[in-house]
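Visitor: I'm new to this one. Could you walk me through how to read it?

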Amino acid sequence: MAKVPSPGFAYRDGELHVEDVPLSAIAAEAGTPAYVYSTAELRANWRAYADAFDLDGPGGRDVAVCYALKANSNLAVIRTLTALGAGADVVSVGEMQRALVAGIPADRIVFSGVGKTRDELAAALKAGIHQINVESLPELDLLSAVASGLGLVAPVALRVNPDVDAQTHGKIATGRKEDKFGIDWSQAGAAFARAAALPGLRPLGVAIHIGSQLLKTSPFALAFAKVAELVTDLRAHGIGIERIDLGGGVGVPYREEDIGPDHRAYAQVVRETVGHLGCHITLEPGRSLVASAGVLLSRVVHVKEGLHRRFLVLDAAMNDLIRPSLYDAWHTILPVRQPARGAPLSAMDVVGPVCESGDTFAKGRRLPPMQAGDLVAILTAGAYGAVMASTYNSRPLVPEVLVAGGERAVVRRRPTLEELLAMESVPAWLPPPGSR
Ligand SMILES: Cc1ncc(COP(=O)(O)O)c(C=O)c1O
Ligand SMILES: N[C@@H](CCCC[NH3+])C(=O)O
């Protein structure tokens, strides 16, 4: 049996607890499936960055940690992180709204993304956000026009594509030359020159993001060194770069055997590669701040003995947590009731009720005896979990619960089926019910 890898979640009195709260109590109150988040774990994840970058001391004066909301945009989660000092990295006007509503000041928000619309750019400028990360020449022109139309000058970083392989899953690597992100390395100089010439822009930063779930620091080191070269080059050409945005944070251990990441080693890489430039540095970690802080709590609907395999059929499904289906991602799965010492383990396919074979959380996972009605916790689900949920198969969005010590609150409730249906309508020109 896998050990519980995080301090926010532990077996006590024969049951898995989130801080001081038994998960069975949460299942009784919020129903299942439900995401459950630990505030202590969020704090510990923040502290790892705060310590590595001396955020509360003199070393951190020129470093901003802008939490990438895409990893988990629940308002209570954002509020917890911003109370610790986080700014925000947003990729849509919706995320920007969330950041503002959660209390993050506009001047601590950066706006990334490869396809920001005219309306989104205008909203960001009107809100007065810290920086817009521009990813293409057409976007430069559009932003300049929008800013000029509003009588404003946009604070801009250009996201460049350093052509570095992040050595992560292909679907979440973003810094290779074939990826859609950033301005081609060979066009970077010309793009900055153009930005400097456009009336509505103040180009002051270089941004990159090479991918997510990096368990090694070497790809970061390669990419950051290229950024340093570019900054030096741009300065030599009279373009005064004051800011560097280094993109997402370190990866997280999903399996016990995953080694790293070491925040201190990452911070060391940052200092060694770009520290000498005297730039203000923005970091945009998402996953590493929230992944370990969340579990997906689910109930066993059936234990189905197939002829060839044993299936543990849960009430959670791919629509609630899509990472295993989409990236073949591993999530450790634990029974909420602590198994007896030496309980026999047997291989089970852990699946959901959705009508796709891909609705599988784990294949051949070795688990102790389980029966219908038992609760399980799918670990390390705080990042890219609830935010990627859908209503596929007309399953309502999964609720979210935040725990702090002995306190707990439902921070997003499960919508009712009536609410889902109320969003739709049948036009009067369609045949009425009963006709054919
Ligand atoms: C531009 C940008 N910044 C930050 C992040 C957050 O990355 P991570 O969750 O790996 O820290 C992402 C997602 O990969 C991203 O696309
Ligand atoms: N959704 C991905 C990460 C995407 C990163 C976004 N830039 C995951 O779960 O691993």
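Visitor: Let's start with Q338. Which residues does Q338 touch, leaving out those up to four places away in sequence?

Guide: Two residues are in contact if their C-beta atoms, placed from the backbone, lie within 7 Å. By that rule, and skipping residues up to four places away in sequence, Q338 touches Y11, G14 and E15. The C-alpha atoms of Q338 and Y11 are separated by 6.6 Å, though the two are 327 residues apart along the chain. Keep in mind that this is a predicted model, where local features need pLDDT of at least 70 and side-chain atom pairs count only at pLDDT 80 or more, while totals for chains, interfaces and linings use all residues. Residues are numbered from 1 along each chain as its sequence is written, and chains are lettered from A and ligands numbered from 1 in the order in which they are written.

Visitor: Where does Q338 lie?

Guide: Helices (H or I, at least four residues) and strands (E, at least two) are DSSP runs, numbered from the N terminus. Q338 lies in the loop between β16 (333–335) and β17 (346–351). The protein chain has twelve helices and 21 strands.

Visitor: Why does Q338 count as partly exposed?

Guide: You count neighbours. A residue is buried if 20 or more other C-beta atoms lie within 10 Å of its own, exposed if 12 or fewer, and partly exposed in between. Q338 has 16 C-beta neighbours inside 10 Å, so it falls in the partly exposed class. Over the 436 residues of the protein chain, 46% count as buried.

Visitor: What about the nonpolar core: which residues have the most contacts inside the largest one?

Guide: In soluble globular proteins, nonpolar side chains tend to be buried together. A nonpolar core is a set of buried Ala, Val, Leu, Ile, Met, Phe, Trp, Tyr and Cys residues joined through C-beta atoms within 7 Å. Here the largest such core has 124 residues, and V36, L158 and I378 have the most contacts inside it. Helix α8 (residues 218–236) gives this core its largest share, seven residues. The core lies between domain 1 (9–35 + 292–422) and domain 2 (39–290), because both give residues to it. Those domain bounds come from an automatic or database domain assignment. As for V36, its contacts beyond four places in sequence include V18, L23, I26 and G294.

Visitor: How many residues of each domain are in contact with the other?

Guide: 20 residues of domain 1 are in contact with 19 residues of domain 2. On the domain 1 side of that contact, β20 supplies the largest share, four residues. That side divides into twelve nonpolar, five polar and three charged residues. In this scheme Ala, Val, Leu, Ile, Met, Phe, Trp, Tyr, Cys and Pro count as nonpolar, Asp, Glu, Lys and Arg as charged, and the others, Gly among them, as polar. The C-alpha centres of the two domains lie 32 Å apart.

Visitor: And the ligands? Which residues surround ligand 2?

Guide: For a ligand's shell, a residue is near if its C-beta atom, placed from the backbone, lies within 6 Å of the molecule. Ligand 2 is surrounded by K70, I172, S212, Q213, R323, Y327 and Y384. Both domain 1 and domain 2 give residues to that shell, so it lies between them. Around ligand 1 there are 14 residues, the closest being A68, S212, G248, G286 and R287. By class, the ligand 1 shell has three nonpolar, eight polar and three charged residues.
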